[in-house]
Amino acid sequence: MPKIYDISMTIEESMQVWKNYEAKKPRIENAQNHDQGKPHESLLAMNVHTGTHVDAPLHMLAGGATIETIALERLVGPARVLDLTHARDCITKADLEPFAIRKGERILLKTSSSFSEAFLSDFVFLREDGARYLADIGIGLVATDALGIERAQAEYPTHRTLMRSDVIIVEGLRLKDVPAGNYTLVIAPLKLTGIDAAPARALLIGD
């Protein structure tokens with residue numbers, strides 16, 4: 001049997017959220033229960049950028065495409081995990097060049113973020129020159145284990161460079177137990193429409 005890695009964040013009220021903002025924490029409430037003589041049901045309220053999620057261009061580009069325009073075929077298929085746990089502060093073009101990345105690849109960036117369940121304000125991010133390098137190659141998808149693919153850059157050039165080049169962005173993976181290498185990736189975003197992102201379940205299937 002192939003090994004399956006669940007690389008999704010668990011949705012719970014205590015989970016890490018962007019900059020630890022209270023308003024971004026998911027809320028899970030009991031809607032009805034057995035004590036009331038009814039089936040047990042729960043109500044979930046959360047930002048669509050909570051945990052593991054897929055960004056749509058609308059997130060950073062005015063008038064950009066919405067989440068339902070991303071074909072599932074682009075989220076399922078061969079992928080490669082790159083070990084960038086040595087990177088500090090950011091991932092640059094120079095960090096990526098040794099991996100001989102090819103056009104159309106799905107690339108997962110494993111960084112120090114996978115080893116913390118708390119939000120790291122200094123998380124390792126993909127710098128603008130690294131994003132431009134990936135866009136110029138023509139990769140299909142880039143995913144990161146941080147809750148964001150960038151920080152500390154005015155005008156969000158990493159997001160916008162990738163989105164304008166039709167590179168799909170996935171954020172919030174958990175790659176702690178995943179060795180670098182080749183896998184089959186499965187990302188299944190919630191079937192939402194007309195908005196800027198969707199939470200997702202993400203899996204890697206190895207040999």
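# Group meeting: aromatic pairs, salt bridges and backbone details

Let me begin with Ala-100, which sits in the loop between α1 and β7, where helices (H or I, at least four residues) and strands (E, at least two) are DSSP runs numbered from the N terminus. Ala-100 has a positive phi of about 50° although it is not a glycine. As background, most residues other than glycine have a negative phi. What you are looking at is a predicted model, in which local features need pLDDT of at least 70 and side-chain atom pairs count only at pLDDT 80 or more, while totals for chains, interfaces and linings use all residues. Residues are numbered from 1 along each chain as its sequence is written, and side-chain values use heavy atoms, with hydrogens and water left out.

A second residue of this kind is Asn-20, whose phi is near 60°, again a positive value in a residue other than glycine. Asn-20 is found in the loop between β1 and β2, and with a relative accessible area of 48% it is partly exposed, given that buried means under 20%, exposed over 50% and partly exposed in between (1.4 Å probe, protein chains only).

A search of the whole structure finds four aromatic pairs, where rings of Phe, Tyr and Trp (its six-membered ring) pair if their centres lie within 6.5 Å, with planes under 30 degrees apart counted as stacked, over 60 as edge-to-face and the rest as tilted. Why is the pair of Trp-18 and Phe-119 called edge-to-face? The ring centres of Trp-18 and Phe-119 are 5.4 Å apart and their planes stand at 65°, so the pair is edge-to-face. Trp-18 lies in the loop between β1 (4-6) and β2 (27-32), and Phe-119 in the loop between β7 (106-110) and β8 (125-126), so this pair ties together parts that are 101 residues apart in sequence. Trp-18 counts as partly exposed at 26% relative accessibility, whereas Phe-119 is buried, at 13%.

Trp-18 also forms an edge-to-face pair with Phe-123, at 5.7 Å centre to centre and 65° between the planes. Phe-123 is buried, with a relative accessible area of 3%, and ring pairs link Trp-18, Phe-119 and Phe-123 into a cluster.

Phe-123 has a charged neighbour as well: Arg-151 lies over the face of its ring, at 5.6 Å from the ring centre, which is to say that NZ of Lys or CZ of Arg is within 6 Å of the ring centre and within 35 degrees of the ring normal. Elsewhere, Lys-3 lies over the face of Tyr-5, at 5.0 Å from the ring centre.

Turning to salt bridges, a search of the whole structure finds eleven, the criterion being a side-chain nitrogen of Lys or Arg within 4 Å of a carboxyl oxygen of Asp or Glu. In one of them, the side chains of Asp-6 and Arg-201 meet at 2.7 Å, N to O. Asp-6 lies in strand β1 and Arg-201 in strand β12 (residues 197-205), so the pair ties together parts that are 195 residues apart in sequence; Asp-6 counts as partly exposed, at 40% relative accessibility. Lys-25 forms a salt bridge with Glu-22, with the closest N and O atoms 3.2 Å apart, and here Lys-25 is partly exposed at 28%, while Glu-22 counts as exposed at 59%. Asp-129 and Arg-127 are also joined by a salt bridge, at 2.7 Å from N to O, and salt bridges that share partners join Arg-80, Arg-102 and Glu-105 into one network.

Which residues of helix α2 (residues 128-137) are buried? They are Gly-130, Ala-131, Tyr-133, Leu-134, Ala-135 and Ile-137, and what covers them includes β6 (90-91), α1 (93-96), β8, β9 (141-144) and α3 (157-164), with contact meaning heavy atoms within 4.5 Å. Just after α2, Gly-138 takes a positive phi of about 90°.

Not counting residues up to four places away in sequence, Pro-189 touches Val-54, Leu-72, Leu-75, Ala-198, Pro-199 and Ala-200, and the C-alpha atoms of Pro-189 and Glu-68, 121 residues apart along the chain, are separated by 9.4 Å.
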